[in-house]
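Please open the structure in your viewer and keep the sequence at hand.

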Amino acid sequence: LPWPFVQVGESEKPLMKKRIFFPFWGEYKTSTYESMFVTPLYFRIKKDSDYFKSEYDITCLIAWYLKRDYSYKHEFYGRSWRYFKLWPLVQVEWNDSGFYGINALSLLPFRDTEGYEKLYQPFWTLFEYRKKPDGERHLGFILRTYYQVWNDDYFKMKIPVIVNYERQGESVKQFTILFSSIGFERDRNGSYLKFLWVPFRIGNGDEALAEVGDDPDK
């Protein structure tokens, strides 16, 4: 005692400085790492490696600002990535590869790297918008009572229970109402009118139609 609650250390080779008075205040520095906390008001972590530089700033566990800058192009983060959350009101995430996303509300008080928040966000989200590097966009309002997915050659929208509409290029793939019980559908094999979910073929299909956008989260 008083370790681990009080830790004081310093050296030049390797470079290190440590001042920890847990749980109130502390800082720790090396040549590639730096952290500091003032419980529960503020936390900061900085890393500097050959591959990327990062800095995480967390204030009162409510405001989060995370950033990474890479020396190469990461498959998800690109070369420059930023994330901001003001819990539980909004979270924004973007990178220099063309990805951008914003959600309101954001229920979890931390960044969810496993994807659970994205999986269940239709139960609480008031507004959401995402743009992927390939140009695909997603937009939703009020628990996804209106939701659409689109790019330069594709458009799909849905109002649950009421209407579904999908178009690819100049061809309408689907226009149905009332639980998709009544309407029109077209695929590669044919065109159909639906009445009480029973399809009646009325014409040929369209070979140009691809099976894309069937799941609005893909």
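Is Glu128 buried or exposed? Select Glu128: the residue is buried, with a relative accessible area of 1%, where buried means under 20% relative accessible area, exposed over 50%, and partly exposed in between (1.4 Å probe, protein chains only).

This is a predicted model, in which local features need pLDDT of at least 70 and side-chain atom pairs count only at pLDDT 80 or more, while totals for chains, interfaces and linings use all residues. Residues are numbered from 1 along each chain as its sequence is written, and side-chain values use heavy atoms, with hydrogens and water left out.

Glu128 and Arg130 form a salt bridge (a side-chain nitrogen of Lys or Arg within 4 Å of a carboxyl oxygen of Asp or Glu), and their closest N and O atoms are 3.6 Å apart. Arg130 is buried as well, at a relative accessible area of 8%.

Now move to Glu185 and Lys194. Their salt bridge brings the closest N and O atoms to 3.4 Å. Glu185 is partly exposed, at 24% relative accessible area, whereas Lys194 counts as buried at 14%.

Finally, select Glu27 and Lys17, whose salt bridge has its closest N and O atoms 3.9 Å apart. Glu27 is buried, with a relative accessible area of 17%, and Lys17 is partly exposed, with 30%. In total, the structure holds 12 salt bridges.
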